Amino acid sequence: MPQAYLKADVRVVRRTTVLIDLLVHHVPMAVLCERWGLRASCLYDWQRAFLLPGLESLRYRHGGGRRPKFTPKQRQRLGERLEAGPLVVGCETACWDAVLIRVLIWREVGVLSNRQYVCPLLHNRGFSFQKARFVSDHLDTVKRLVWLEQKWPTIVRAATRRRGLSLFEDEARCAQWGSLSSTWARRGQQPEVPTRGKRKGYKVFGAMAYFSGRLFSQGIEGRLNSESSQAFLQMILAQTTHHLFLIHHGARYHTSASTQAFLVVHSDRSTAEPLPSYSPDDNPIAYLWQKTKQRATHHKYFKEFAALTVSVEKALAYFATHPDTVLGLFGRYCEESGLALQQAA
């Protein structure tokens, strides 16, 4: 009885109170029926159940309910199909929507589900509504694993031995018309951000050190080419005496003849380490560009180009003075890429 009060089980408390009045206080059954709004047959059933099984009759059990639409095996198979993706089951799109999932359920189980049922079903199976991302179909998974498991540990050992800097290098473009992201607004009233509509953008070279979180950056208004890339490398060489292990993607200005000649001239100070082809997501500095745009361009209005450059440089200056934040981005990179964290030790 005390447990029933603590669990706020109204049914058990009511039934127990009625039985106490009926069997202990000898309250007439007609009075109890009127007081609790119950039929006499219900009170007789409660009395008989209590006198025969005893206190066990006061425990309510789940009465069943509607039979589930899917068996456990069908649920498991459905989850496997959903994880495999629509392309595997013969669809022309790479992502699921409610209509395709209903068709899949019909094909696999023979049940025609409505949209309101599909969403809770997916949520209970560990799925969530997410935004997709593009992945190059040229991505060589084998080369990527070789780089992560063999090449990258070699770079770490070499950098440790020479007390050098392992720099992940990349470039970004920040547009004068700003950038957008999800935000809160009253339902039915889409937020609006003013824009000049100009196509001009501010380009930024960046390189961040794996062990220390140190950030090097340089903004330009011109084109990303071999000359501007070499100027950025020259700036880094002027700011540190460490040997540089430059990890970059395969853009033309990184692999051009003039850039290769520049690296040969400075081979005593730098070593180029290209990433696998078509693997932009293997570069952790991509997370830095996301954070930079969040601070510098998201939902902001730049009437003049100079305002854009000031905002971007201010954001980069913040990260340059907060190496712990940059190191946190490396942690996220290790988690999502599958790179073992102990390889940084």
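Trainee: Is His 243 buried or exposed?
Mentor: This is a predicted model, in which local features need pLDDT of at least 70 and side-chain atom pairs count only at pLDDT 80 or more, whereas totals for chains, interfaces and linings use all residues. Residues are numbered from 1 along each chain as its sequence is written, and side-chain values use heavy atoms, with hydrogens and water left out. Buried means under 20% relative accessible area, exposed over 50% and partly exposed in between, with a 1.4 Å probe and protein chains only. The relative accessible area of His 243 is 6%, so His 243 is buried.

Trainee: Where does Arg 163 lie, given its positive phi?
Mentor: Most residues other than glycine have a negative phi. In Arg 163, phi is near 55°, and at 70% relative accessibility this residue counts as exposed. Arg 163 is found in the loop between helix H8 (141–162) and strand E1.

Trainee: How far does helix H9 reach from its first C-alpha to its last?
Mentor: H9 covers residues 226–239, which is 14 residues, and the expected span of a helix is 1.5 Å times one less than its number of residues. Its buried residues include Phe 232, Leu 233, Met 235, Ile 236 and Leu 237, and what covers the buried residues of H9 includes strands E1, E2, E3 and E4 along with helices H10 and H11.

Trainee: How are H9 and H11 oriented to each other?
Mentor: Their axes, which are lines fitted to C-alpha atoms (for helices over the stretch in contact, with angles from 0 to 180 degrees between N-to-C directions), come within 9 Å and cross at roughly 20°. In the contact, Ser 226, Gln 230, Leu 233, Gln 234 and Leu 237 of H9 meet Ser 258, Thr 259, Phe 262 and Leu 263 of H11. Angles under 35 degrees count as roughly parallel, over 145 as roughly antiparallel, 65 to 115 as roughly perpendicular and the rest as oblique. H9 and H11 are therefore roughly parallel.

Trainee: Which orientation do H12 and H13 have to each other?
Mentor: Helix H12 (residues 285–296) and helix H13 (residues 305–320) pack with their axes 9 Å apart and an angle of about 125° between them. Among the residues that meet are Leu 288, Trp 289 and Thr 292 in H12, and Val 312, Leu 316 and Phe 319 in H13. H12 and H13 are therefore oblique.

Trainee: Which loop holds His 299?
Mentor: Phi of His 299 is near 60°, a positive value in a residue other than glycine. At 33% relative accessibility, His 299 counts as partly exposed. His 299 is found in the loop between H12 and H13.

Trainee: What is the relative accessible area of Gln 176?
Mentor: Gln 176 lies in the loop between E1 and E2. Leaving aside neighbours within four places in sequence, Gln 176 is in contact with residues including Arg 196, Lys 198, Phe 302, Glu 304, Phe 305 and Leu 308. Gln 176 is buried, with a relative accessible area of 3%.

Trainee: What percentage of the residues in the chain is buried?
Mentor: The chain has 14 helices and five strands. Among its contacts between residues at least 6 apart in sequence, 67% join residues at least 24 apart. Of the 345 residues in the chain, the buried ones make up 38%.

Technical notes: Helices (H or I, at least four residues) and strands (E, at least two) are DSSP runs, numbered from the N terminus. Contact means heavy atoms within 4.5 Å.
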